[in-house]
Amino acid sequence: MASFPDCVNENDLDKAKFVGELLVPVAPFDQKSGREAWTVAFAPNGSYFAWSQGHRIVRLIPWNKCLKSFSLSAGEEGTNPTSPRHLSRQNSDGGVTIPLADEPREHTIDCGDIVWGLAFGSSVPEKQSRCVNIEWHRFKFGQDQLLLATGLNNGRIKIWDVYSGKLLLNLMDHTDVVRDLTFAPDGSLMLVSASRDKTLRVWDLKDDGNMVKVLRGHQNWVHCSSFSPDSSILCSVGAGKAVLIWNMDKYTLIRKLEGHHNDVVSCEFSPDGALLATASYDTRVIVWDHHKGTILLELGHLFPPPSPIFAGGANDRWVRSVSFCPDGRHIASITDDRFVRFWSIEEKAPQAIASLSNGLCCAFSAEGSVLAAGTRDGSVHFWEAPRSIASLQHMCRMALRRLLTTQQVEALAIPTPLQDYLTYKVV
C-alpha cells in the first residue's frame, strides 16, 4: 500500500524547506519511555516557543532566538529578530511592573512529572471573570501577563509565569493523565483540559484557577480539544471515533460528528472558524463544516483507502497531529509513515512533504511561516510552510466567515456559486 495516490509521484512533490531543529542531549540510559515531545506550542504574540522535551522538562525559548539561529531571513515572523524586544510583566500579586532585559529569557522548567499538554494563555484585562464573586482575587493578571499551562501524567495542571518561570497555580481535580490543554483565544484566561479520565474541565484563571464546569460526553479517553477563534465553540476528540462540538456559553453538547473509523487524536479550527480539521488513526484527516456536521474534504494518508474495518485497527499510517495554518489555506499533518505533509484546502494531494521519523505533534508559528514538529526522542524539527499569496476573494471569505455561520450564509440572497464559495463547498 502507498502513502500517496497513484496519480501522485512522490518524487514530483515539493520538498518542504528544513529550517532547523532543537535537539535534546541523549545518554544511553535515556533510551526509554518518557522522552517523548508530546506537545509543542507557540505563544499567541509570537514571543516564545515551548516544548515538552521529555523526563518532566519543558523548555521555554524566545522565538526570536530560534529565528536568529535558523535559516529564515529577518522579519519573516512579522518581527525583526535583530531588533531588541522590551518585555515587561506585572507581578501576579498586582505589584509594580518590572522591566526585563532587552531579550526575553529562556527557561527550563521541571514540572515534576511527564508532561503531556502545553498551552499559552494571555490576558485581556477588560475580559472579566465569569465568576459572580470577583471582589477579591489572589492573582491580578495584567496586560503583559503571559502564562503557560502544563498538563501532567498525574492528573495535575501547573500554571507558570512565562517571563519569570515562576509557578503560579497548581490545579488538581483530574484523576488521570491530562492529555491536552487549550486556552480560550479571547483573553478571558478560560482554560479547558482534556483527560484520560473521560472528562473535559473548564478552569477560570481570572478566578484564581477555580473550576467552572465538568464536560461529560466522552465514553473513553479524551485526546485533544480546541476552541473556535471567537471562543464560543469547543471541539473535543478522543478514543472510540469521538468528535464532539460544545457550546461554551452554555457548556452544552451541540452535536457529535460521525465519519471517523478509529480513535481521533487531534483537532483544530480554521482561523475564520468556518472549518474544523480532525486527525485520526483511521489514516485520514477530515475537514468538516462543523456548523452542519458535514464532511467537506478528506485527506488520505494510505492508498487505496482502507476499509472501515481495517481503518479501525492497527496500521502504519496513524495520523498523530493536524494543524491549521493562520493563512486559512493550508493544513499540516504528522503521520506514522515518517512524513510531514503540507496540504492546500483546494487539493486532495499534498502540496509539499518532508521526512520525519517518529513524529508526534505539530503546530504553526503565530504568523504561519514555520511549522514545528515534536518527536519521540524529545527533539523538535522546523520547516518553512508553503508560501503563496492569498487571493482577495479568500481574504474576503475569511473576514465574512468570522462573523457568519454556514446557516447564516445560506440565508443570504446571493447567487449559488458565491454561496458555495463562502461555505467552502467550492474552494
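Modeller: Strands are DSSP runs of type E with at least two residues, numbered from the N terminus. The model discussed here is predicted. Tyr-251 lies in the loop between strand E19 (242-247) and strand E20 (252-256).

Colleague: How do you know whether Tyr-251 is buried or exposed?

Modeller: Buried means under 20% relative accessible area. Tyr-251 has 15%, so it is buried.

Colleague: Where is Lys-198, and why is it called neither buried nor exposed?

Modeller: Lys-198 sits in the loop between strand E14 (190-195) and strand E15 (199-204). Its relative accessibility is 41%. That value falls between the limits of 20% and 50%, so Lys-198 counts as partly exposed. Lys-198 also has a positive phi, of about 75°, although it is not a glycine.

Colleague: How many helices and strands does the protein chain have?

Modeller: There are five helices and 31 strands. The chain has 427 residues, and 58% of them are buried.

Colleague: What share of the contacts joins residues at least 24 apart in sequence?

Modeller: The share is 54%, taken among contacts between residues at least 6 apart.

Colleague: How many disulfides does a search of the whole structure find?

Modeller: It finds zero. As for individual cysteines, Cys-325 counts as buried at 3% relative accessibility, while Cys-396 counts as partly exposed at 47%.

Colleague: What is the order of the open sheet with five strands?

Modeller: The order is E1-E28-E27-E26-E25, with mixed pairing.

Colleague: Why are strand E1 (14-15) and strand E25 (319-324) said to stand at the edges?

Modeller: Each has a single partner strand, so one side of each is left without a neighbour in the sheet.

Colleague: How do you know that E26 and E27 pair?

Modeller: Two strands pair if DSSP finds at least two bridges between them. Strand E26 (residues 330-335) and E27 share six bridges, so they qualify, and the sense is antiparallel. One of the bridges has Thr-335 with Phe-339 as its partner in E27. The hairpin of E26 and E27 has three residues between the strands, and Arg-338 takes a positive phi near 70° there. Strand E27 (residues 339-344) also pairs with strand E28 (residues 352-355), antiparallel and over four bridges. In that pairing, Val-340 has Ala-354 as its bridge partner.

Colleague: Why is strand E17 (residues 222-227) described in the same way?

Modeller: In E17, too, six of the six residues are buried, so it is largely enclosed. Five bridges join E17 to strand E18 (residues 233-238), and the two run antiparallel. Among those bridges, Val-222 is partnered by Gly-238 in E18.

Colleague: What makes the largest nonpolar core a core?

Modeller: A nonpolar core is a set of buried residues of listed nonpolar kinds, joined through side-chain atoms within 4.5 Å. The largest such set here has 19 residues, and those with the most contacts inside it include Leu-22, Trp-51 and Phe-382. Helix H1 gives the largest share, three residues. Trp-51 touches, among others, Leu-22, Val-40, Leu-118 and Val-380.

Colleague: Which residues does the UniProt annotation "repeat: WD" cover?

Modeller: The unreviewed entry lists several spans, including 319-353 and 363-384. In the model, residues 319-353 are 57% strand and 0% helix, with end C-alpha atoms 14 Å apart. Residues 363-384 are 59% strand and 0% helix, with end C-alpha atoms 12 Å apart.

Colleague: What joins Phe-303 and Pro-304?

Modeller: A cis peptide bond joins them, with omega about -5°. Pro-304 is in the loop between strand E24 (294-300) and helix H2 (308-311).

Definitions and conventions:
Residues are numbered from 1 along each chain as its sequence is written. This is a predicted model: local features need pLDDT of at least 70, side-chain atom pairs count only at pLDDT 80 or more; totals for chains, interfaces and linings use all residues. Side-chain values use heavy atoms; hydrogens and water are left out. A disulfide is a pair of cysteine sulfur atoms within 2.5 Å. Buried means under 20% relative accessible area, exposed over 50%, partly exposed in between (1.4 Å probe, protein chains only). Contact means heavy atoms within 4.5 Å. UniProt positions are given in the numbering used here, feature names are shortened, and annotations may be inferred rather than shown by experiment. Lists of a residue's contacts leave out its neighbours within four places in sequence.
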